[in-house]
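Hi,

Here is the structure I promised to pass on to you. Have a look at it first, and my notes follow below.

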Amino acid sequence: MMPGMSKIFFASAVVTLLLLSACVTESQNKALGETDLKRAAELNAQLGIDHLRSGRLELAQEKLTKAVGQDANNADAQSALGILYLRTGENDKAGRHLRKALSLKPDDPALANSYGVYLCDSGQEKESIQYFTEAARNPRYSTRASAWVNAGNCALKIPDIEQAEGFYRQALNMDSRRNEALAQLAQISFQRGEYLKARAFIQRYERNTTVLSAQLLLLAARNELQLKDRTAARAYAQRLRTEYPEASSDLEEIGL
């Protein structure tokens with residue numbers, strides 16, 4: 001090789017090495033940046049979820065929006081932001097974020113339940129039941145009874161009373177103290193004229209808690225009148241007057 005040629009080859013080799021070195025450094029920096037962003041997204045997502053649990057919705061929205069901006073594939077941030085928008089009544093935004101979260105975690109029962117809430121609130125009751133039952137049947141879901149109650153509530157909106165009753169009974173099979181299911185079954189029984197069944201559901205409710213809603217106290221009073229027990233009806237009526245005076249006018253319609 002001629003002396004001049006060796007110098008050219010050496011210079012070319014150095015340039016090539018420098019270019020390769022630059023590429024490696026750029027690749028490493030890019031990877032490091034992505035890692036940092038993912039970590040920042042995780043931290044902001046957790047802060048946002050904590051704010052959401054505490055009811056600090058503005059702070060939650062700020063942190064969760066920042067998290068999805070840092071990492072759009074953070075399923076927890078997408079899910080929490082969807083739930084936040086459900087709470088604020090922004091259903092279109094809620095649906096968009098919940099669908100994204102589901103695409104990232106398709107087997108997550110909590111996400112299925114949340115998406116069911118979105119569908120039910122958006123007037124897609126029949127579609128929502130698929131997601132509620134999917135969550136309710138998943139043994140990894142810790143609040144399966146709640147999913148059955150959600151399915152029942154949405155079935156009532158269709159309305160499909162028989163299907164709703166089945167879902168509420170499924171909830172009670174998993175958690176006999178699920179008071180919302182007991183209250184709804186008492187209402188369904190009353191509407192069917194099954195007054196003894198309605199009484200039994202109300203009594204089961206009362207064994208779980210001494211706090212009854214105004215609606216349930218009124219139902220109990222009306223149900224006891226149908227069973228010809230005016231003493232019990234008056235007792236429920238008095239509780240309604242004492243605990244919910246603003247609702248006591250409803251008693252006049254039933255002669256109490």
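Residues 24 or more positions apart supply 46% of the contacts with a separation of 6 or more in the chain, where contact means heavy atoms within 4.5 Å. Please bear in mind that this is a predicted model, in which local features need pLDDT of at least 70, side-chain atom pairs count only at pLDDT 80 or more, and totals for chains, interfaces and linings use all residues. Residues are numbered from 1 along each chain as its sequence is written, and side-chain values use heavy atoms, with hydrogens and water left out.

The chain has twelve helices and zero strands (DSSP runs numbered from the N terminus, with H or I over at least four residues for helices and E over at least two for strands). Of its 256 residues, 38% are buried, that is, under 20% relative accessible area with a 1.4 Å probe, protein chains only.

On the α7 side, Val149, Asn153 and Leu156 meet Glu180, Ala181, Gln184 and Ile188 of α9. By class, the residues of this contact are four nonpolar, two polar and one charged.

Best wishes

Conventions:
Nonpolar A, V, L, I, M, F, W, Y, C, P; charged D, E, K, R; others polar. Buried < 20%, exposed > 50% of the residue type's maximum accessible area, 1.4 Å probe, protein only.
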